[in-house]
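Dear colleague,

Please find below the structure that I am handing over to you. My notes on it follow directly after.

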Amino acid sequence: MDIFDKVGKGLGPIGAHAHYSHHYFTFPMLTGEIGPRMTFKGKEMLNWSLNNYLGLANHPEVREADAKAAADYGLAAPMGARMMSGNSALHEEFEAQLAEFAGKEDAFLLNFGYQGVMSVIECICDRNDVIVYDAESHACLIDGIRLHKAKMGQYYKFNHNDMDSLRKNLERATKKVAETGGGILVITEGVFGMSGKVGSLDEIVKMKEDFNFRILVDDAHGFGTMGENGRGVHEEMNCIEGIDLYFSTFAKSMASIGAFVAADKDIIMFLKYNMRSQIYAKALPMPFVVGGMKRLELIKKHPELREKLWENVRALQKGLKERGFDIGETTSPVTPVFLHGDYELTHVVGLVQDLRENMGVFCSIVTYPVVPKGQIMLRIIPTASHTLEDVTYTMDCFQVVQQKLQDGVYRQLAEEFIAKQVELV
């Protein structure tokens with residue numbers, strides 16, 4: 001058998017609909033200046049699909065800092081991996097700033113968020129250790145757990161945000177490490193990116209009174225948005241000291257590329273000398289370092305950006321509830337809108353087509369298996385750049401599509417739309 005034979009058997013569960021979804025539902029192309037209004041297939045869209053929480057992507061000071069750094073250093077500097085020839089005073093200065101903001105002794109810059117947190121897990125856990133993780137952990141965390149050198153019996157999943165389930169699994173893990181001689185790492189998130197729920201970090205930290213374990217928190221959606229100063233969910237819940245490994249990407253509130261992990265100095269030094277993905281990879285290019293420092297400066301100096309974000313969040317979530325929409329249990333900017341009924345894929349296609357083509361609203365649509373069968377989730381990401389008028393208009397549109405969905409309007413629309421898209425492909 002040729003290893004490529006599998007390609008002819010299909011594109012997998014997501015790619016099964018690529019014959020009509022490519023470039024429309026999947027791999028869409030949004031053009032123009034990053035912000036609430038962008039262009040999709042020649043039409044202006046009110047865009048709720050970008051994690052540009054604080055509107056920093058096109059902030060004039062950010063654009064100026066990025067451009068100057070690119071002119072001063074180019075995109076190549078520094079050449080080489082940090083350990084060999086790619087270190088710089090600016091990299092270490094940025095790490096010190098991130099550590100101070102996150103409330104930790106030290107920090108380590110990572111080239112990418114997804115790869116970075118996978119590597120942290122792989123590096124910190126050896127074959128004797130046990131991992132206990134939240135059932136709704138992001139794919140990057142799950143893939144990091146899969147890199148764990150131990151056997152299947154040494155990682156346990158607890159029910160989402162369920163402290164009783166966590167306790168039971170910590171009891172199992174404690175018995176296991178008594179046999180292996182290892183330690184326990186609990187993995188969870190600050191903000192769960194699909195549901196918008198906030199992880200029970202304070203309750204998990206409190207469990208340290210009864211069990212011996214360390215905590216890794218992926219706070220990708222909380223960094224810059226949650227807490228009195230935007231430090232993250234651990235600030236929001238007043239448990240900064242109890243979080244042992246604090247991780248975040250720059251791809252959300254920082255509107256950039258890269259990531260960092262913050263912890264005690266000795267832990268960071270261990271990671272610097274043992275994380276293979278960083279030891280053998282080129283250093284984060286200087287424009288991302290200089291630009292990152294400017295973004296962090298703006299987060300600290302301009303709380304009004306976070307205040308405007310939350311003004312929009314509160315207006316959106318309060319308004320949706322008042323109109324009878326189910327937004328789950330979100331307590332973060334991430335705003336899911338659940339539409340319940342006996343819905344099939346054709347309903348989803350028709351709904352999205354109507355939102356985009358006729359109403360000019362672009363948002364993420366989530367279906368089974370991410371949500372239960374028969375349910376549709378519209379995922380909204382408010383930003384500081386949106387206006388209250390944007391919020392009202394979108395809620396009005398959602399009321400229209402919900403009624404059409406209930407009236408069965410979208411099935412025929414979807415069939416016509418799919419036929420047209422297949423012709424274009």
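In which helix does Thr-394 lie? Thr-394 belongs to helix α16, residues 388–406; helices (H or I, at least four residues) and strands (E, at least two) are DSSP runs, numbered from the N terminus. Please note that this is a predicted model, in which local features need pLDDT of at least 70 and side-chain atom pairs count only at pLDDT 80 or more, while totals for chains, interfaces and linings use all residues. Residues are numbered from 1 along each chain as its sequence is written, and side-chain values use heavy atoms, with hydrogens and water left out.

Thr-394 is buried, with a relative accessible area of 0%. Here, buried means under 20% relative accessible area, exposed over 50%, and partly exposed in between (1.4 Å probe, protein chains only). Apart from neighbours within four places in sequence, Thr-394 is in contact (heavy atoms within 4.5 Å) with Leu-46, Trp-48 and Val-361. The side chains of Thr-394 and Trp-48 are joined by a polar contact of 2.8 Å. A polar contact is a pair of N or O atoms within 3.5 Å; within protein, one must be able to donate a hydrogen and the other to accept it, and residues adjacent in sequence count only if both atoms are side-chain atoms.

Helix α16 also meets helix α15 (residues 345–359): their axes come within 11 Å and cross at roughly 140°. Axes are lines fitted to C-alpha atoms, for helices over the stretch in contact, and angles run from 0 to 180 degrees between N-to-C directions. In this contact, His-347, Leu-351, Asp-354, Leu-355 and Met-359 of α15 meet residues of α16 including Tyr-393, Cys-397 and Phe-398. The contact residues divide into 9 nonpolar, 1 polar and 2 charged; Ala, Val, Leu, Ile, Met, Phe, Trp, Tyr, Cys and Pro count as nonpolar, Asp, Glu, Lys and Arg as charged, and the others, Gly among them, as polar.

A second pair of helices is α13 (residues 286–301) and α14 (residues 303–322), which pack at an angle of about 75° with their axes 5 Å apart. That makes α13 roughly perpendicular to α14, a term used for angles of 65 to 115 degrees. The residues of this contact divide into 4 nonpolar, no polar and 4 charged.

Finally, Gln-154 is placed in the loop between α7 (139–146) and β6 (155–158). Gln-154 is buried, with a relative accessible area of 9%, and its side chain reaches the backbone oxygen of Arg-127 at 2.8 Å.

Yours sincerely

How values were computed
Parallel < 35°, antiparallel > 145°, perpendicular 65-115°, else oblique.
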